[in-house]
Amino acid sequence: MTGEGPIYVYGVVSSGADVAPPTSGVADAATRLVESNGLAAVVSTVPGDRLRVRRRDLMAHLHALEEVSAQTTVLPFRFGTVLPSEADVERELLQARAEELHELLERFADAVQVNVKATYDETEVVRELVSSNPEIARARERAKKLGDAGYYENIRVGELVAGGLAARRAADAERLQGSLAALASDVAADPVDDGGLLVMKTSFLVDRSGLEGFDAELEAVAAREAPVIRFESFGPLPPAAFVSLGQES
Amino acid sequence: MAVATRGNDYLQRAPSPSGLADVIDVILDKGLVIDAYVRVSVIGIEVLTIDARIVIASVDTYLRFAEAVNRLDLTQTETAGLAELRDGGGGEKAKGAIEGAKEKLTPGGGKDKQKEKSR
């Protein structure tokens, strides 16, 4: 079954794993496995030669990976990885990179990713900042007296709050990350913009057998930090933030 | 204040992200890459870039924080203006930004771009 047209690649698994291909893929295409060198690439044919990316395509990529990840260790590819043909998938990927891919499969066996996002509760953190910095309350009073003309003074109030957040963010992020990192084998932190309420956005690499322990620690951390910091976690996900292949230069 | 401290309110867990921004975080620029060119040029796939990420202009953020400061003691300073501010709280603005990003990812999302230009 050599598909017509370019091939979209979701991930690579060990071909011994006997994986059922995901129920559907990007652009609603049927997914299948392409095998070579003891490896199997999870792929689908891209209909036409141009793919207009939609929101559901992003979801489809992630869901396909999750379906495979529930069955075996999968090395996830970045969204939008497309090779010209099935022969290229075999040659350029499964044969040319066989050694590296086998190594990665071994290294990431049973490792999953948990993403944790921590965000300041606006009301609670602003309350803390106002009580620790009297300048904020003063600027606010000035803004109120000015009424409609207080636009810039209002911005000043916001600036003071943003400055206060920036001053505590690094320490907060380090504390949270430190507690959770103790239960992870690797950590990858996304850059955090200084202007908003985000405290940290970090991926943790956790062994499947350690998921419960990680979860318990996350619960403890969240209980400790409430009500000023809120947490969201996603996972187990395929370890996309941690895998990488050497680049040919 | 009416805000109760509910234990699980501070930790939300899901097996998989459903919000667009969170999905983008997981798979858009993370994961294996074979060669840098593969994604971009082989078939002209319209790769989403940093544009799709949510950026809230800093002035908007400052004004939102100022509103949050105002909300703190609403009970003592009941004025019409403040009530208005409370209704247009920060959460909604953030949601708007996410919708905007979503539009960019779907056909005919040009409307959002125009809005940005006119700023």
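I take helices (H or I, at least four residues) and strands (E, at least two) as DSSP runs, numbered from the N terminus. The model is predicted, so I use local features only at pLDDT of at least 70 and side-chain atom pairs only at pLDDT 80 or more, while totals for chains, interfaces and linings use all residues. Residues count from 1 along each chain as its sequence is written, with chains lettered from A and ligands numbered from 1 in the order in which they are written.

**Entry: chain A overall**

I counted seven helices and nine strands in chain A. Its radius of gyration is 24 Å, well over the 18 Å that the globule rule gives for 249 residues, so chain A is more spread out than a compact globule. I took that radius over C-alpha atoms; the rule is 2.2 Å times the number of residues to the power 0.38. Along the principal axes, the C-alpha trace of chain A spans about 75 × 40 × 35 Å.

I looked up which strands pair, where pairing asks for at least two DSSP bridges between two strands. Five strands make an open sheet with mixed pairing, in the order β7(A)-β8(A)-β6(A)-β9(A)-β1(B). Neighbouring strands are turned by 20 degrees against each other on average, direction ignored.

Strand β9 (residues 229–237) of chain A pairs with β1(B) in the parallel sense, over four bridges. Phe234(A) stands opposite Ala14(B) of β1(B).

**Entry: helices on the sheet**

For axes I use lines fitted to C-alpha atoms, for helices over the stretch in contact; angles run from 0 to 180 degrees between N-to-C directions. Contact means that the C-beta atoms of two residues, placed from the backbone, lie within 7 Å. Helix α6(A) lies across β6 (111–120), β7, β8 (198–207) and β9 of chain A, and runs at about 15 degrees to β8(A). Helix α7(A) lies across β6, β8 and β9 of chain A together with β1 of chain B, at about 170 degrees to β9(A).

**Entry: helix pairs**

Two numbers describe packed helices: the angle between the axes and the distance between them. I call angles under 35 degrees roughly parallel, over 145 roughly antiparallel, 65 to 115 roughly perpendicular, and the rest oblique. A crossing is left-handed if the near helix is turned anticlockwise from the far one by less than a right angle, right-handed if clockwise.

I started with α6 (residues 151–181) and α7 (residues 211–225) of chain A, whose axes come within 9 Å and cross at roughly 155 degrees. The two are therefore roughly antiparallel. Their crossing is right-handed. Leu176(A), Ser179(A) and Leu180(A) of α6(A) touch Glu217(A), Leu218(A) and Val221(A) of α7(A). I sorted these residues into four nonpolar, one polar and one charged. For that, Ala, Val, Leu, Ile, Met, Phe, Trp, Tyr, Cys and Pro count as nonpolar, Asp, Glu, Lys and Arg as charged, and the others, Gly among them, as polar.

Next came α5 (residues 134–146) of chain A with α6(A): axes within 8 Å, crossing at roughly 160 degrees. That makes α5(A) roughly antiparallel to α6(A). The crossing here is left-handed. The contact includes Ile136(A), Ala139(A) and Leu146(A) of α5(A), and Val157(A) and Leu160(A) of α6(A). Its residues divide into seven nonpolar, one polar and five charged.

I finished with a pair between chains. Helix α1 (residues 55–69) of chain A and α1 (residues 20–27) of chain B pack at about 50 degrees, axes 10 Å apart. They are therefore oblique to each other. I noted a left-handed crossing. Among the residues that meet are Leu58(A), Met59(A) and His61(A) with Val23(B), Ile24(B) and Ile27(B). The contact splits into eight nonpolar, one polar and one charged.

**Entry: backbone exceptions**

Most residues other than glycine have a negative phi, and most peptide bonds are trans. I found a cis bond joining Ala226(A) and Pro227(A), omega about 5 degrees. Pro227(A) sits in the loop between α7 and β9 of chain A. A cis bond also joins Gly235(A) and Pro236(A), omega about 0 degrees. Pro236(A) belongs to strand β9 of chain A. Asp28(A) has a positive phi, near 60 degrees. I place Asp28(A) in the loop between β1 (7–14) and β2 (31–36) of chain A.
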